[in-house]
Amino acid sequence: PTMAIARKQAAYERKIAQLELLEADLLEKQTQVEEYIQQIEKSEIRMILRFYYIDDLNWVQVAYRMNAAFPRKKKSYTDDSCRCKHNRYLEKFEKRR
């Protein structure tokens with residue numbers, strides 16, 4: 001049984017090392033996304049992207065947060081309006097590339 005235990009231990013150590021590499025890669029990509037979002041000029045789009053991508057909210061939650069951030073806005077945000085603003089921004093971004 002000591003040989004089986006040693007094999008399992010080695011397998012666990014390889015798996016842990018692999019997960020640590022993946023975690024480091026994920027953290028680097030998350031930092032890149034945060035830096036990109038931070039450089040967006042329009043605060044409205046910046047907030048929508050932050051809520052959706054970083055805070056991992058769905059569109060209904062994004063709309064709720066946007067309405068809380070801009071309570072005096074004449075027309076309130078909806079899940080569709082936030083999603084459409086997001087999509088329009090990304091379309092413009094793709095055209096600029």
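H86 is in contact with I48, L49, Y52, Y53 and W59, leaving aside its neighbours within four places in sequence. This is a predicted model. H86 lies in helix α4, and α4 also supplies the largest share of the lining of the largest pocket.

- Is H86 buried or exposed? H86 counts as buried, because its relative accessibility is 6% and the cut-off for buried is under 20%.
- The side chain of H86 makes a polar contact with the side chain of Y53, at 2.7 Å.
- Y53 is also among the residues that H86 touches beyond its sequence neighbours.
- W59, another of the contacts of H86, is one of the buried residues of α3.

- Helix α3 runs over residues 59-69. Its buried residues are W59, V62, A63 and M66.
- Why do these residues share a side of α3? They cover an arc of only 100 degrees around the axis, which puts them on the same side of the helix.
- An α-helix has 3.6 residues a turn, so residues three or four places apart point the same way.
- The face turned away from the buried side carries V60, Y64 and A68, which are exposed.
- What covers the buried residues of α3? The cover includes α2 and α4.
- At the start of α3, a side-chain oxygen of N58 comes within 3.1 Å of the backbone nitrogen of V60.

- A63 lies in helix α3. A63 is buried, with a relative accessible area of 5%.
- Which residues does A63 contact, leaving aside neighbours within four places in sequence? They are Y77, T78, D79 and C82.
- A63 and Q39 are 24 residues apart along the chain. Their C-alpha atoms are separated by 22 Å.

**E44 in α2**

- E44 is found in helix α2. E44 is a charged residue by class.
- E44 counts as buried, because its relative accessibility is 14% and buried means under 20%.
- Not counting residues up to four places away in sequence, E44 touches M66, K73, Y77 and K85.
- M66 is itself buried, in helix α3. Y77 is in contact with A63 as well.

**The largest pocket**

- Rolling a probe the size of a water molecule over the atoms shows where empty space is left.
- How much space lies in the largest pocket? About 320 Å³.
- The pocket is lined by 13 residues. K42, I45, Y89, K92 and R96 lie nearest its centre.
- Two helices, α2 (43-54) and α4 (79-96), each supply at least two residues of the lining.
- The largest share comes from α4, with 6 residues.
- By class, the lining has 7 charged, 5 nonpolar and 1 polar residues.

**D56 in the loop**

- D56 is found in the loop between α2 and α3.
- D56 is exposed, with a relative accessible area of 64%.
- Phi of D56 is near 60 degrees. That is a positive value in a residue other than glycine.

Notes:
Residues are numbered from 1 along each chain as its sequence is written. This is a predicted model: local features need pLDDT of at least 70, side-chain atom pairs count only at pLDDT 80 or more; totals for chains, interfaces and linings use all residues. Side-chain values use heavy atoms; hydrogens and water are left out. On a 1 Å grid over the protein atoms alone, a cavity is a set of points where a 1.4 Å probe fits but cannot get out, and a pocket is an open set with protein on both sides within 12 Å along at least five of seven lines; lining residues have an atom within 4 Å of a point. Grid points are joined across faces, edges and corners, and a volume is the space filled by probe spheres set on the points. Helices (H or I, at least four residues) and strands (E, at least two) are DSSP runs, numbered from the N terminus. Buried means under 20% relative accessible area, exposed over 50%, partly exposed in between (1.4 Å probe, protein chains only). The arc is that of the directions from the helix axis to the C-beta atoms. Contact means heavy atoms within 4.5 Å. A polar contact is a pair of N or O atoms within 3.5 Å; within protein, one must be able to donate a hydrogen and the other to accept it, and residues adjacent in sequence count only if both atoms are side-chain atoms.
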